[in-house]
Amino acid sequence: ILDAPVGATAVGIGAGENNTSTMLTALGYQAGRTLVGGVNNTLVGYQAGYYLTGGYSVAVGWRALNAVTSANSNVALGVSSLQANVTGSNNVAIGFRSLQSVTSGNNTGIGTYSLYAPGGAANPTTTGTRQTAVGYATGQASATQRNDIVAVGYWALVDANNTVALGS
């Protein structure tokens, strides 16, 4: 158990090791290991929130929200969800590898591979913004980054800005 700033609790080898923030809960090997300055974070899982410096985030899962360095208000639930996010705030990723490659933006991915491997292909969202994808392998139909899209349904795909796709 971490004996550090007020309201900080860490359980696991290296969990919250360099923590200087308050109101932290870190459970798991190296969860929140380099957390400096962020407040009100909950990190559960192997290296969940490892590089996190932002606040008001929740990461649950193996390497969930692993690379974030200067972003706030993210929710990552699932193995590798929001793993590469560095500066993107206000993202929600729920599901195995959901939004795994996004580095910025303001996106919502719900479902396995949502906005990471749409249609089973390598067309992950990396810098696209205001994307909402709900369903298995939903998102962009090409590697071209899109903005203001909605894809709902199994393998629902879009390939233009300001587009909605419903159904598989």
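The model is predicted: local features need pLDDT of at least 70, side-chain atom pairs count only at pLDDT 80 or more, and totals for chains, interfaces and linings use all residues. Residues are numbered from 1 along each chain as its sequence is written, and side-chain values use heavy atoms, with hydrogens and water left out.

**Sheet**

An open sheet is formed by 10 strands in the order β1-β2-β3-β4-β5-β6-β7-β8-β10-β12, with parallel pairing. Strands (E, at least two residues) are DSSP runs numbered from the N terminus, as are helices (H or I, at least four); two strands pair if DSSP finds at least two bridges between them. At the edges stand β1 and β12, each of which pairs on one side only. From one strand to the next, the twist averages 5°; axes here are lines fitted to C-alpha atoms, for helices over the stretch in contact, and angles run from 0 to 180 degrees between N-to-C directions.

Strand β10 (residues 149-152) is joined to β8 (residues 131-134) by four bridges, and the two strands run parallel. Within this pairing, glutamine 131 stands opposite isoleucine 149. β10 also pairs in the parallel sense with β12 (residues 163-166), again over four bridges, where alanine 165 is the bridge partner of alanine 151.

In a regular strand the side chains alternate between the two faces of the sheet. Buried means under 20% relative accessible area, exposed over 50%, and partly exposed in between (1.4 Å probe, protein chains only).

**Nonpolar cores**

In soluble globular proteins, nonpolar side chains tend to be buried together. A nonpolar core is a set of buried Ala, Val, Leu, Ile, Met, Phe, Trp, Tyr and Cys residues joined through side-chain atoms within 4.5 Å. The largest such core has 22 residues, and those with the most contacts inside it are Leu24, Ala26, Leu43, Ala59, Leu65, Leu82 and Leu99. Apart from it lies another core, of five residues, among them Ile149, Ala156, Val158 and Ala165.

Leaving out residues up to four places away in sequence, alanine 26 touches Thr9, Ala10, Val11, Ala15, Gly16, Ala31 and Leu43; contact means heavy atoms within 4.5 Å.

**Alanine 76 and serine 81**

Alanine 76 lies in strand β5 and is buried, with a relative accessible area of 0%. Its contacts, not counting residues up to four places away in sequence, are Val58, Ala59, Val60, Ala64, Leu65, Ser81, Leu82 and Ala93. The C-alpha atoms of alanine 76 and leucine 43 are separated by 9.5 Å, the two residues being 33 residues apart along the chain.

Serine 81 is located in the loop between β5 (75-77) and β6 (92-94). This residue is also buried, at a relative accessible area of 0%. A polar atom of the serine 81 side chain lies 2.8 Å from the backbone oxygen of glycine 78. Beyond four places in sequence, serine 81 touches Arg63, Ala64, Leu65, Ala76, Ala93, Gly95, Arg97 and Ser98.

**Salt bridges**

The structure holds three salt bridges, each defined as a side-chain nitrogen of Lys or Arg within 4 Å of a carboxyl oxygen of Asp or Glu.

| Salt bridge | N to O distance |
|---|---|
| Glutamate 17 – arginine 33 | 3.1 Å |
| Arginine 130 – aspartate 148 | 2.5 Å |
| Arginine 146 – aspartate 159 | 3.1 Å |

Arginine 146 lies in the loop between β9 and β10 and aspartate 159 in the loop between β11 (157-158) and β12, so this pair ties together parts that are 13 residues apart in sequence. Arginine 146 counts as buried at 15% relative accessibility, whereas aspartate 159 is partly exposed at 41%.

The salt bridge between glutamate 17 and arginine 33 links distant parts of the chain, 16 residues apart: glutamate 17 is in the loop between β1 (9-11) and β2 (24-27), and arginine 33 in the loop between β2 and β3 (41-44). Glutamate 17 is partly exposed, with a relative accessible area of 43%, and arginine 33 is partly exposed as well, at 22%.

For the remaining pair, arginine 130 and aspartate 148, the loops involved are those between β7 (108-110) and β8 and between β9 (139-140) and β10, respectively, so parts 18 residues apart in sequence are tied together. Arginine 130 counts as partly exposed at 44% relative accessibility, as does aspartate 148 at 29%.

Note on methods:
A polar contact is a pair of N or O atoms within 3.5 Å; within protein, one must be able to donate a hydrogen and the other to accept it, and residues adjacent in sequence count only if both atoms are side-chain atoms.
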